[in-house]
Amino acid sequence: MSEKGIANKLLLLPSSLVIGAFVIVPCALVLLASLASISDSEGWVFALDLSNFARFFSWFYIERALFSIGLCMMVVVISLLLAYPFAYFLSGFSAKVKNIWLIYILAQLTLSEVLIAFSWQILLSRKSGLSNILVSLGLFDKPFAMTPSATGVLLGLVYLVIPFMILLLYPAFSRMDKSLVEAARTLGASPLRSFFTVVVPTTKSAIISSSVTVFVLTLGAVIVPQVLGAPKHWTLSVLIMDQAVFNSNVPFASALAVVLLLLSGGVIGTIFFLGKGKTA
Amino acid sequence: MTFLRRIYLALFAVYLLGPIFVIAAVSFNAKKFLAFPPRGFSFRWYVEIFAAEEWLTSLTASLTIALSSATLSVVIALPIAYVVWSRNLRYAKALLSLGIAPFILPPVIMALAFLLMFSSIGMYGWAINVVIAHAVFLLALPLVTISLGLESVDKELVEASRTMGATGWTVFKTVIFPIAAPFAFAGFAFCFVISLNEYIIALMTVGFTVETLPIKIFNALRYGYSPVIASIAVMFLVINVIVFSLIAKFSNLPRILGAQE
């Protein structure tokens, strides 16, 4: 048995080294760097300096953080409303149709954020965009550019996360006991009524966990806000990248990353804590 | 209700496919400027991907990175998932959670972490960095799929073959591997596709030395519109569809996605 124990440890050794060196150490470095001081000669030196966090607590960055949270919450609500019925119908499709849809949704889900941003840039442009359709419907006089704008960012982000929302909700529907809906219908409930009184309540925990996941996912988007929005529409993730790559201010980028980590970790933690408290 | 349902499904399909359809239409445009509806029909922007050296270099770099990081990711994940399944060790379970964590966080955090890591050990900008970074960032995918695959191995079958004198390696080769392999392949394929499309981690680990395709596209976007981007988008979507069709063919797609059939 002890021989087996050693064999197992040997088996896990390479993976442990990789995870130690490339997950734990890098994350620890971010924490350390967030407390570093900026020095003129060496770029930055490790210290116990809270000035990077102090800089975050200025109205400019607080406003950016609040904007990011508000934007992500709107994206979650809209994508949930759009995707929820589809995920429900998807679970009822025949195996073949379902597989085709799943393949397409996965293909769109993994499509680069750069390409999603590009396609919405075209859709929202003056020359060949959606505004031309609005003009031909007689709603506007002449086509107009819809970017950069907060609406543009919102539209791009919702499109980006819709496939995730569908795939996160879908397992709950596939597990749902469909005879419950039939029972409600036999007892005289209308389709809409049975949907809201049977289907929605039984998938409540899936709604919560999918929303949280999509919230964190949206918080991580870096390209859509840059391509479809002006700098005033940038989210925390974009600011982190901007500080690290284009301003070479790694300590401040790290402090912002710690804030983002606490924010996303906090949201995940709170929701799951609340969820657990209710079921217990 | 069926009527409402039909309308909703039709509108939803238009919403999902519409933007893709517009890109596809633009990619077959004969003219250099952006035009929708397209003027003329031509494959020249598809030819351009392989004819123009700058695009081909990026494509080759992206494919190499995606293949290597997906392989590395599966190699790291396999022993962890295996030991969790066979021995249920607490240490292995901790490794599993640590391996999944990077994928859940906003990617920019891990991107910054990798940037710091590689620059402090003097490897800043090395091409290998993005392979390691992607393999670690995407570790969650093979970990989850391989664990799912192993769960479907009947432990009594393993016991039976042991009783009949098979060694650990033989059991792995003849019983465990054939059942778990399609799921390991699914993990590999997921990693491959996401690595191919990933931007921020690639940018922050090798952005100034290797131009992967997403980085190249983003840089091109900043300097204005290029129809080649549209043809690349279509090509990427086709690659993604092929990969996921393969997964659907060789293993159980709904099950990998967590559904109960």
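Here are some friendly notes on the structure above, point by point.

1. Before you start, note that this is a predicted model, in which local features need pLDDT of at least 70, side-chain atom pairs count only at pLDDT 80 or more, and totals for chains, interfaces and linings use all residues. Residues are numbered from 1 along each chain as its sequence is written, chains are lettered from A and ligands numbered from 1 in the order in which they are written, and side-chain values use heavy atoms, with hydrogens and water left out.

2. Chain B has 13 helices and zero strands. Helices (H or I, at least four residues) and strands (E, at least two) are DSSP runs, numbered from the N terminus. The C-alpha trace of chain B spans about 70 × 60 × 30 Å along its principal axes.

3. In chain A, look at helix H3 (residues 59-92), which has 34 residues. From first C-alpha to last, H3(A) reaches 49 Å, close to the 50 Å expected at 1.5 Å a residue; the expected span is 1.5 Å times one less than the number of residues.

4. Now follow helix H5 (residues 107-120) of chain B to helix H6 (residues 128-137) of chain B: they pack at an angle of about 140°, with axes 11 Å apart. That angle makes H5(B) oblique to H6(B). Axes are lines fitted to C-alpha atoms, for helices over the stretch in contact, and angles run from 0 to 180 degrees between N-to-C directions. Angles under 35 degrees count as roughly parallel, over 145 as roughly antiparallel, 65 to 115 as roughly perpendicular and the rest as oblique.

5. Between the chains, helix H4 (residues 95-110) of chain A packs against helix H12 (residues 227-250) of chain B at about 135°, with axes 8 Å apart. This makes H4(A) oblique to H12(B). Residues in contact (heavy atoms within 4.5 Å) include Ile103(A) and Tyr104(A) from H4(A), and Leu237(B) and Phe244(B) from H12(B). The contact residues divide into eight nonpolar, five polar and no charged. Here Ala, Val, Leu, Ile, Met, Phe, Trp, Tyr, Cys and Pro count as nonpolar, Asp, Glu, Lys and Arg as charged, and the others, Gly among them, as polar.
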